[in-house]
Amino acid sequence: MEYVQVAIGMALLFAAGDLLVKGAVSAALKLEIPAILIGLTVVAFGTSAPELFVTIQASIEGAPGIAVGNVVGSNIANVLLVIGLPALLAPLGDHSPETKRNYVIMMMVTIVAVGLCFQGPLSWWQGALLLSLLLLFLLDTYRCAMTHRASVGESSCADIEELEDADPAMPNWKIAALIGLGMIGLPFGADLAVTGAKVIAADMGLSEAAIGLTVIALGTSLPELATTVMAAIRRQADIAIGNVIGSNVFNLLCILGVAATLDRIEIPPEFFSLNLWVMVLASAALAPFIWLRIKVGRISGGVFVLAYVAYVALVLMPPSNGL
């Protein structure tokens with residue numbers, strides 16, 4: 001029953017997250033918010049909502065392995081799987097100055113988050129620091145978006161509108177209903193997923209961190225994966241990398257920041273020997289594609305996917321033989 005419970009929780013997270021994104025993007029388009037700002041904030045936050053609710057729930061239930069593992073594992077999955085898998089369908093590339101700039105921000109945020117983890121348990125002041133950096137990121141993104149508003153153009157808004165199945169002409173009551181249903185479904189899905197995952201981890205003899213890094217992280221990354229796959233199918237893949245970068249920044253600053261502010265988070269030992277470093281390396285793996293203006297093609301995408309499969313296998317290795 002625990003497996004069914006986790007499956008239902010993940011399905012609810014996926015559906016609720018989709019409703020939230022659709023409603024939020026429709027509202028943003030109606031307000032004529034620039035496309036780049038929608039992609040880096042509204043879409044990124046919406047697709048990260050499952051991670052946020054799962055991490056908060058895990059923190060409340062005293063499961064730090066799931067709380068931190070969900071964030072770290074999601075960032076790893078975002079790069080290796082969410083970018084790698086769609087690249088098998090169509091090349092992914094985003095060579096805009098904004099993406100390069102936000103990639104640098106993502107790497108800096110990643111290094112800061114890892115450094116805070118090595119300082120000991122995450123407490124309210126580390127959470128406040130991460131949330132302050134999030135506010136600076138949003139303000140800076142807004143400033144840049146307004147500066148380049150004319151160059152963003154209506155075509156980018158049209159791409160986001162089609163990709164997220166949004167409608168700027170949607171009635172206000174429907175927008176409110178979509179957002180409301182999403183916000184109601186997310187905590188219920190998070191509760192089912194976290195409770196079931198804790199039991200599964202105990203039954204399988206695995207740590208909660210291992211389940212959080214793999215099963216939970218993969219499940220909460222499904223919105224990003226679905227968005228990127230649809231972008232590849234519709235040949236709109238150029239916005240995919242930017243969305244992943246925005247999502248990773250939100251995961252570290254918003255989700256980890258909120259969770260640490262609400263409750264003290266102990267970092268499980270296995271994160272220091274492998275998982276934090278894999279997150280840094282996975283993020284750094286995007287550098288040549290962004291700086292050298294190379295598209296992520298089928299070969300690179302295949303390497304990313306195989307690397308993710310190998311990582312998951314290593315994490316789920318029996319404790320006696322593993323880390």
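Author: Helices and strands are DSSP runs, a helix having at least four residues and a strand at least two. The model shown here is predicted.

Reader: How many helices and strands does the chain have?

Author: The chain has 13 helices and zero strands. Along the sequence, the pattern reads α-α-α-α-α-α-α-α-α-α-α-α-α.

Reader: What share of the 323 residues counts as buried?

Author: Buried residues make up 54% of the 323 in the chain. The accessible surface of the chain is about 13200 Å². Carbon and sulfur atoms account for 71% of that surface.

Reader: And contacts? Among those between residues at least 6 apart in sequence, what percentage joins residues at least 24 apart?

Author: Of these contacts, 89% join residues at least 24 apart. Take Thr195 as a case. Thr195 sits in helix H7, residues 172-204. With 28% relative accessibility, Thr195 is partly exposed.

Reader: Which residues does Thr195 contact, leaving aside neighbours within four places in sequence?

Author: Beyond those neighbours, Thr195 is in contact with Gln5 and Glu61. Thr195 and Gln57 are 138 residues apart along the chain, and their C-alpha atoms are separated by 9.1 Å.

Reader: Now charges. How many salt bridges does the structure hold?

Author: Start with the general idea. Side chains of opposite charge can pair when their charged atoms come close. This structure holds two salt bridges. One joins Asp140 and Arg101, with 1.6 Å between the closest N and O atoms. That pair links distant parts of the chain: Asp140 is in helix H5 (residues 124-147) and Arg101 is in helix H4 (residues 97-118), 39 residues apart.

Reader: What is the relative accessibility of Asp140, and what is that of Arg101?

Author: Asp140 has 22%, so Asp140 counts as partly exposed. Arg101 has 28%, so Arg101 also counts as partly exposed. The cut-off for buried is under 20%.

Reader: Which side chains meet in a salt bridge at 3.6 Å, N to O?

Author: Those of Glu266 and Arg264. Glu266 is partly exposed, because its relative accessible area is 43%. Arg264 reaches 53%, so Arg264 counts as exposed. The cut-off for exposed is over 50%.

Reader: How many disulfides does the structure hold?

Author: The structure holds zero disulfides. Cys117 is buried, with a relative accessible area of 3%. Cys254 counts as buried at 9% relative accessibility.

Reader: On to the rings. How many aromatic pairs does the structure hold?

Author: The structure holds three aromatic pairs. In one of them, Phe289 and Phe304 are edge-to-face, 5.9 Å centre to centre with 85° between the planes. Phe289 lies in helix H12 and Phe304 in helix H13, so the pair ties together parts 15 residues apart in sequence.

Reader: Are Phe289 and Phe304 buried or exposed?

Author: Phe289 counts as buried, at 11% relative accessibility. Phe304 counts as buried too, at 7%.

Reader: Which residues form one aromatic cluster?

Author: Phe118, Phe272 and Trp277 form one aromatic cluster.

Reader: Let me turn to backbone angles. What is phi of Arg293 near?

Author: General idea again. Most residues other than glycine have a negative phi. Phi of Arg293 is near 60°, a positive value in a residue other than glycine. Arg293 lies in the loop between H12 and H13. At 52% relative accessibility, Arg293 is exposed.

Reader: Where does Leu292 lie?

Author: Leu292 lies in the loop between helix H12 (287-291) and helix H13 (298-315). Leu292 has 57% relative accessibility, so Leu292 counts as exposed.

Methods: Residues numbered from 1 in each chain as written. Predicted model: local features only at pLDDT ≥ 70, side-chain atom pairs only at ≥ 80, totals over all residues. Heavy atoms only, no water. Buried < 20%, exposed > 50% of the residue type's maximum accessible area, 1.4 Å probe, protein only. Disulfide = S-S within 2.5 Å. Salt bridge = Lys/Arg side-chain N within 4 Å of Asp/Glu carboxyl O. Contact = heavy atoms within 4.5 Å. Areas by Shrake-Rupley, 256 points an atom, 1.4 Å probe, with all protein chains shown as cover. Phe/Tyr/Trp six-rings, centres within 6.5 Å; stacked < 30°, edge-to-face > 60°.
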